[in-house]
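I opened this notebook to record what I looked up in one model.

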Amino acid sequence: MEPTQNAIEHKPVFMPKVNSDNLVKTDMVRVERHVGFSSRQKKKTINDLHQVIRKKYGFKQVLELSSKSGNKLSFPLSPFSLQITNEYDGKQYSVENAFQASMVFEDGGPYEDLLTVAPRQARKDERLMTSGELTGYDYFGMEWGVEPLTTFYDWLYVNALKQNPHLHEEVMQYQAFTDITFNPAKSIHNAAYALALFVALNKRELLGNVEDPMAFYDLCNEFKVSNTEHLLEEGWV
């Protein structure tokens with residue numbers, strides 16, 4: 001039997017920037033994906049990806065955010081785990097739940113019942129696929145447009161992480177972030193990008209007023225955006 005050939009892929013790496021006109025710089029890195037669905041195979045791919053990043057950029061600290069990371073810091077930083085306290089009712093929701101429950105479509109939404117289901121169930125709710133085109137977000141009466149594409153998601157994640165200062169010291173040690181489960185053809189919202197954005201804002205001492213949506217929007221608008229938007233295929237959500 002001939003050995004199975006590994007596949008060549010390009011995966012994004014998100015790098016917080018301090019002395020740049022970008023807050024986050026995104027680059028696509030060529031890596032050989034170890035074929036197979038086991039955690040061991042995925043960890044091999046992550047290790048190879050991080051070796052390429054370390055060699056290319058001279059980084060020492062790179063964090064994988066997916067559940068296959070093997071790094072204990074990845075779990076509390078996952079959008080399925082990281083909690084944001086809502087100022088309107090004082091309750092906590094995961095970033096994933098808050099995001100999915102805020103989506104507004106041509107034919108429905110926001111589906112606020114998704115705030116209290118399991119995060120993965122919220123992401124896979126059928127209504128998010130059958131309610132027509134995404135037109136914006138409504139987070140407890142706070143309305144956001146679709147453009148710029150990642151701003152609302154980034155605001156949720158950055159504010160959730162700001163509310164969890166016990167994570168800050170470790171997070172700030174990292175120079176780049178990855179998520180091998182992220183498919184830039186199917187989605188634009190990615191916690192690894194938002195995490196890099198938090199690190200950049202923190203290093204630049206710009207976290208002071210990020211709770212204010214307009215202040216956050218204006219702040220992010222001051223810088224050039226470098227993400228994976230150009231790779232999106234039609235039909236993404």
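My entries follow, by topic.

**Basis.** I worked from a predicted model, in which local features need pLDDT of at least 70, side-chain atom pairs count only at pLDDT 80 or more, and totals for chains, interfaces and linings use all residues. Residues are numbered from 1 along each chain as its sequence is written, and side-chain values use heavy atoms, with hydrogens and water left out.

**Aromatic pairs.** I looked up the ring pairs, for which the centres of Phe, Tyr or Trp rings (for Trp the six-membered ring) must lie within 6.5 Å; planes under 30 degrees apart count as stacked, over 60 as edge-to-face and the rest as tilted. The structure holds 16 aromatic pairs. Ring pairs join a cluster whose members include Y88, Y93, F99, Y137 and W144.

I took buried as under 20% relative accessible area, exposed as over 50% and partly exposed as in between (1.4 Å probe, protein chains only). Y139 has 3% relative accessibility and is therefore buried, and W155 is buried as well. F140, at 25%, is partly exposed.

**Charges over rings.** I applied the criterion that NZ of Lys or CZ of Arg is within 6 Å of the ring centre and within 35 degrees of the ring normal. R120 lies over the face of F80, at 4.2 Å from the ring centre. R127 lies over the face of Y111, at 4.4 Å from the ring centre.

**Contacts of α6 and α9.** I next asked which residues of α6 meet α9. T151, D154, W155 and V158 in α6 meet P213, F216 and Y217 in α9, where contact means heavy atoms within 4.5 Å.

**N97.** I located N97 in helix α3 (residues 95-100). N97 has a relative accessible area of 3% and is buried. Leaving aside neighbours within four places in sequence, N97 is in contact with L114, L115, T116, V117, A118, P119 and A122.

Technical notes: Helices (H or I, at least four residues) and strands (E, at least two) are DSSP runs, numbered from the N terminus.
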